[in-house]
Amino acid sequence: MDTLNLDNYSQRNIKNSKSMMIWSALWGGSLAAACFAFKFWWYQNELVFIIAVIIHLGCAIGALKAHQTWLKGLDELQQKIQLHSMAFTLGVTWIGITLLLLVSTSGFIKIDAFYLPILAGVMAVVGVIGNLIGLRKVS
């Protein structure tokens, strides 16, 4: 890769990463705003809650599109690392959610849904780090 293409690649990655982070923050913020505001202020105003849900859905779609653009802009190795990490995160999150629901349904312990996104976030970080370490051992 020559210097000009490397500079363009780096600039595109920075731009795509910023866009993905902004949309992800908007998505998370809209979720928090909708949840907390409904619980504390809007519990009797369904129209405002519906508008908040629509805004949250719009931010979620924007975050997905930004993430897709970011992934397409990566080189093949980074795409492989990220896609393997996403598959790991999805699998562990589903396993974790089903186990938590089973334990919660049984009445053994009470689990707040607040912890599910935290579980997904932790597993995403573990997946990326694990894939990076695994690829370093191979090469």
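How many helices and how many strands does the protein chain have?

1. The protein chain has four helices and zero strands, where helices (H or I, at least four residues) and strands (E, at least two) are DSSP runs numbered from the N terminus. Followed along the sequence, the pattern of the protein chain reads α-α-α-α.

2. Some notes on the basis of the values come before the details. This is a predicted model, in which local features need pLDDT of at least 70 and side-chain atom pairs count only at pLDDT 80 or more, while totals for chains, interfaces and linings use all residues. Residues are numbered from 1 along each chain as its sequence is written, and side-chain values use heavy atoms, with hydrogens and water left out.

3. On overall form, the protein chain has a radius of gyration of 19 Å, whereas a compact globule of 139 residues would have one near 14 Å; the radius is taken over C-alpha atoms, and the globule rule is 2.2 Å times the number of residues to the power 0.38. Along the principal axes, the C-alpha atoms of the protein chain fill a box of roughly 60 × 35 × 15 Å.

4. As for the surface, 21% of the 139 residues of the protein chain count as buried, a term that means under 20% relative accessible area, with exposed meaning over 50% and partly exposed in between (1.4 Å probe, protein chains only). The accessible surface of the protein chain comes to about 10,400 Å², and 72% of that belongs to carbon and sulfur atoms; such areas come from the Shrake-Rupley method with a 1.4 Å probe, and for residues only the protein chains shown count as cover.

5. The protein chain carries 10 positive and 6 negative side chains, and the centres of these two sets lie 4 Å apart. Lys and Arg count as positive and Asp and Glu as negative, while His and the chain ends are not counted; the place of a charge is NZ of Lys, CZ of Arg, CG of Asp or CD of Glu.

6. Helix H2 (residues 46-73) has 28 residues, which should span 40 Å at 1.5 Å a residue, and its end C-alpha atoms are 41 Å apart, which agrees; the expected span is 1.5 Å times one less than the number of residues. Buried residues in H2 include His56, Cys59, Trp70 and Leu71.

7. Which residues does Gln82 contact, leaving aside its neighbours within four places in sequence? Gln82, found in helix H3, is in contact with Trp70, Leu71, Leu74 and Val128, where contact means heavy atoms within 4.5 Å. Gln82 is buried because its relative accessible area is 14%.

8. Helix H3 (residues 76-106) also holds Ser85, which counts as buried because its relative accessibility is 2%. With neighbours within four places in sequence left aside, Ser85 is in contact with Gly127, Val128 and Asn131. Ala87, likewise in helix H3, counts as exposed at 51% relative accessibility; Ala87 and Gly127 are 40 residues apart in sequence and 8.6 Å apart in space, C-alpha to C-alpha.

9. Tyr9 is found in helix H1 (residues 3-40) and is buried, with a relative accessible area of 14%. Not counting residues up to four places away in sequence, Tyr9 touches Gly73, Leu74 and Asp75, while the C-alpha atoms of Tyr9 and Val53, 44 residues apart along the chain, are separated by 36 Å.

10. Val122 lies in helix H4 (residues 115-138) and counts as partly exposed, at 42% relative accessibility. Val122 and Ile50 are 72 residues apart in sequence and 30 Å apart in space, C-alpha to C-alpha. For the protein chain as a whole, among contacts between residues at least 6 apart in sequence, 67% join residues at least 24 apart.
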